[in-house]
Amino acid sequence: MGAEFVIWGIEMHTKNNKKLSGEISKIQDSIRYQLKYSVGKLWEDASQNDLLNAVSLAVRERMIDNMFETEKRYQKNDVKRLYYFSMEYLIGRSLGNNLYNLKMFDICKEALMDMGIYLEELLEVERDAALGNGGLGRLAACFLDSLATLDMPGFGYGINYEFGLFKQQISNGYQKEKPDQWFSKESPWLIDRPENSCIIPIYGKIEHAEDRNGDYNPMWMDWKLMIGVPHDMPIVGYGGSTVNYLRLFSARSSDEFDMQIFNEGDYLKAVKQKVSSETISKVLYPSDSKETGKELRLVQEYFLVACSIKDIIRRYLKNHDSFDSFSDKVAIQLNDTHPALTIAELMRTLIDEKSLSWGKAWDITQATIGYTNHTLMPEALEKWPVSLMEHVLPRHLQIIYEINKRFLSDVSVRFPNDSKRLSNMSIIEENNSNQVRMAYLSIIGSHSVNGVSALHSELLKTSLAPDFYELWPERFNNKTNGVSPRRWLNNSNRLLSELFKKTIGEDWITNLYKLKELENYAEDSSFQEEFLAIKKKNKDILVTLIFETCRVKIDTDSLFDIQAKRIHEYKRQLLNVMCIIYQYLRLIEDKKIPSVPKTYIFAGKAAPEYFMAKLIIKLINSVGKVINNDKRANNYMKVVFIPDYRVSLAEKIIPGADLSEQISTAGMEASGTGNMKFAMNGALTIGTLDGANIEIMEEVGSENIYIFGLKVEDISQIRNYYNPLELYNKNPMVKRVMDAINSDMFCKSKPDLFKPIYEKILYKGDKYFYLADFQSYINTQEKVSRDYINRSIWAKKAILNVARTGKFSSDRTISEYARDIWKII
């Protein structure tokens with residue numbers, strides 16, 4: 001019996017080896033085929049980029065087969081589909097992520113090794129898809145990953161930008177913006193769908209007419225035409241059984257030039273018009289500081305929603321001959337206010353093109369659309385001048401006015417004789433230049449309005465839209481953000497994920513709550529040693545990257561204190577720099593040696609025309625230059641700014657972090673997702689009680705996070721009498737740091753360079769409460785250093801942080817959206 005069992009085991013091992021060998025051969029054959037017939041290169045002539053495309057196309061074969069099977073399954077069950085509208089998707093690189101999700105990474109690596117190619121080197125050749133900028137776009141990408149992993153019929157709609165926001169370079173400490181072209185036309189991940197192109201009207205005028213029954217029948221006349229050409233990017237869920245897609249539209253002019261211009265002999269003008277039509281999908285977020293930029297941004301937003309609505313209705317009418325079931329089969333989610341025109345466009349299509357009554361069209365629109373708000377910052381809530389919208393979208397403006405009129409009529413019945421309330425709730429903000437409030441249009445035209453953290457959702461009800469909440473309390477809900485554990489742990493931190501698989505198995509990859517089992521190992525000394533050894537290896541990788549990009553040598557054993565996010569005053573990179581200056585002055589002037597050497601690492605982009613944010617980048621680099629070159633200090637502290645923050649860079653930075661800086665002014669960060677990614681990878685958080693930090697604290701325990709600073713209610717209480725100048729005069733620590741910023745200590749060649757920072761904080765109100773939170777921040781940083789000295793205590797805290805991040809998986813977030821809002825499960 002024992003001998004038979006051994007023989008059976010040998011036979012099974014041989015069969016498995018043959019199967020593996022067969023799979024490797026298939027992959028190799030596919031790569032050779034794609035290189036020769038799709039890329040058009042012989043093996044000996046192929047560049048690294050050619051090989052990348054060939055491997056990507058070979059992997060795409062598997063994804064397309066599964067995409068067809070997925071669509072067949074959806075059609076057979078006539079499922080309700082979710083369509084996610086977002087102006088940006090921060091996808092990052094695709095090859096590695098797709099290989100991991102298809103569970104093909106190791107076998108593909110082996111296949112390529114046999115062919116003399118190193119997969120890891122090939123992965124570095126791929127450029128990040130330039131389809132997004134910050135957290136909004138990365139969230140959208142995580143959501144698509146979760147929809148596919150959870151086998152849900154969910155699809156993204158966006159724009160196929162040729163250029164991203166910009167490629168950031170640092171020159172003499174200043175941010176410089178360079179074009180960020182990702183060559184979307186050459187991407188092996190995009191499948192052209194020209195047969196589904198959409199013809200979109202724009203501009204023109206309204207002619208007021210009557211129909212045969214004498215009813216008002218406005219006619220949109222003299223419009224121009226745009227063409228939206230779709231391209232599909234397959235999105236594979238973990239395990240590969242479901243492959244959805246992200247549909248991206250490129251703008252093209254219509255095949256005919258404006259014949260009137262052409263016939264009048266102005267051929268050059270006709271060609272110029274064609275070219276200008278195609279600029280719509282040229283660049284992400286064109287500057288809106290000038291009227292032409294504003295117009296282009298509005299046209300982009302309309303282009304996205306018009307193409308998407310046309311495409312959704314085309315698909316719906318394949319299987320349905322009326323719109324009676326539209327909201328039972330279609331759910332649309334607006335990712336912030338950028339796609340708010342969806343409401344007006346769906347209404348226009350249903351009324352003008354499909355001949356539905358206003359009442360029926362409005363019922364369908366509200367039942368179909370949900371709105372996610374992502375910000376409480378007034379400057380980030382979109383408003384469009386009425387004059388601009390009338391010029392670009394005259395029919396849509398007319399529909400918005402009618403929506404507003406009917407809405408305010410309903411409000412006046414519910415709240416009679418309350419003109420102030422009507423003014424506060426009107427979609428049209430009436431002032432010197434009337435504006436359309438897109439957030440209000442989004443709230444009124446949706447059946448669901450959600451925030452993205454518990455605190456943010458509460459502030460949405462009490463601060464941003466209290467009148468709307470009073471009118472429709474049932475419409476408001478919270479959906480705390482999450483991130484994909486596939487991309488941000490399993491794929492980007494391979495060493496740590498392998499430790500977890502060895503210790504507790506693999507179920508956590510699709511059920512992050514399973515990480516809770518790691519709590520049993522938080523005080524296990526051998527597990528702690530492995531955990532810390534992996535952290536050190538990840539820090540070594542980051543050390544190499546920093547030297548290659550910044551030419552700064554740093555100590556792996558120092559505490560890596562990282563703030564990687566968009567540069568903005570409310571995110572308070574400046575508060576971090578103030579603390580660094582304080583520590584530096586204590587070291588060189590007071591001879592106070594830090595208890596722990598620290599490396600302060602920054603990354604993030606500032607909007608091209610955001611003067612103060614760009615000046616903060618310059619300050620970070622100037623402070624770093626002084627400290628890094630000061631022999632009295634550089635054994636104890638270093639400061640680096642890693643340029644061009646993007647997904648592929650974040651995947652290297654986050655696993656190497658010891659401390660995660662989440663220090664926004666309380667009440668100003670809607671949620672944050674970087675905080676979740678860092679905690680998931682074993683970094684401890686120092687932060688305010690803002691956004692999702694509060695929920696992270698509730699999950700990991702207050703003893704395993706470093707909270708400081710004013711709370712939202714504290715800020716509300718002191719806002720009206722807060723005096724930063726008084727604090728400056730009373731607190732020697734504050735005065736010392738502010739005076740250093742105002743001096744030439746960090747700007748010898750250009751005195752007064754940082755004076756605007758000094759003056760804005762002391763004499764213009766300190767809107768972001770830097771000085772009010774400074775002392776608390778310093779004290780908390782000192783506690784961080786004391787805890788870091790005891791490696792066992794630090795390891796336990798870090799392990800518990802990872803173990804308790806189950807709530808912050810985007811799988812949980814998407815399941816809640818699907819159950820409560822979209823009704824697709």
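Let's start with Lys514, which sits in the loop between helix H20 (494-504) and helix H21 (525-550). The names come from DSSP runs, numbered from the N terminus: helices are H or I runs of at least four residues, and strands are E runs of at least two. Keep in mind that this is a predicted model, where local features need pLDDT of at least 70 and side-chain atom pairs count only at pLDDT 80 or more, while totals for chains, interfaces and linings use all residues. Residues are numbered from 1 along each chain as its sequence is written, and side-chain values use heavy atoms, with hydrogens and water left out.

The cut-offs are under 20% relative accessible area for buried, over 50% for exposed, and partly exposed in between, using a 1.4 Å probe and protein chains only. If you skip the neighbours within four places in sequence, Lys514 is in contact with Ile504, Asp507 and Trp508; contact here means heavy atoms within 4.5 Å. Now look for Ser21, which is 493 residues away from Lys514 along the chain; their C-alpha atoms are separated by 33 Å.

Leu800 gives you another pair to look at. You'll find Leu800 in helix H32 (residues 791-803). Its relative accessible area is 8%, so Leu800 is buried. Leu800 and Ala522 are 278 residues apart in sequence, yet 6.3 Å apart in space from C-alpha to C-alpha. Not counting residues up to four places away in sequence, Leu800 touches Glu519, Ala522 and Asn704.

Let's zoom out to the whole protein chain. How many helices and strands are there? The chain has 33 helices and 23 strands. Its radius of gyration is 28 Å, close to the 28 Å that the globule rule gives for 825 residues, so the chain is as compact as a globular protein of that length. That radius is taken over C-alpha atoms, and the globule rule is 2.2 Å times the number of residues to the power 0.38. Along the principal axes, the C-alpha trace spans about 90 × 85 × 55 Å. Of the 825 residues, 60% are buried. And if you take contacts between residues at least 6 apart in sequence, 75% of them join residues at least 24 apart.

Next, follow helix H11. This helix has 13 residues and reaches 17 Å from its first C-alpha to its last, close to the 18 Å expected at 1.5 Å a residue. The expected span is 1.5 Å times one less than the number of residues. In H11, 11 of the 13 residues are buried, so the helix is largely enclosed by the rest of the structure. Among the buried ones are Leu341, Thr342, Glu345 and Arg348. After H11 comes Ser355, with a positive phi near 60°.

Two packed helices are described by the angle between their axes and the distance between the axes. Helix H11 (residues 341-353) packs with helix H14 (residues 394-414) at an angle of about 100°, and their axes are 9 Å apart. That makes H11 roughly perpendicular to H14. On the H11 side, the contact includes Leu341, Ile343 and Met347, and on the H14 side it includes Arg395, His396 and Ile403. Sorted by type, the residues of this contact are 8 nonpolar, 1 polar and 4 charged. For that sorting, Ala, Val, Leu, Ile, Met, Phe, Trp, Tyr, Cys and Pro count as nonpolar, Asp, Glu, Lys and Arg as charged, and the others, Gly among them, as polar.

The axes are lines fitted to C-alpha atoms, for helices over the stretch in contact, and the angles run from 0 to 180 degrees between N-to-C directions. Angles under 35 degrees count as roughly parallel, over 145 as roughly antiparallel, 65 to 115 as roughly perpendicular and the rest as oblique.

Finally, visit two loops. Asp151, between helix H6 (135-149) and strand E2 (154-159), has a positive phi near 60°. Asp644, between strand E20 (637-642) and helix H24 (647-653), also has a positive phi, of about 60°. Asp151 is partly exposed at 39% relative accessible area, whereas Asp644 counts as buried at 8%.
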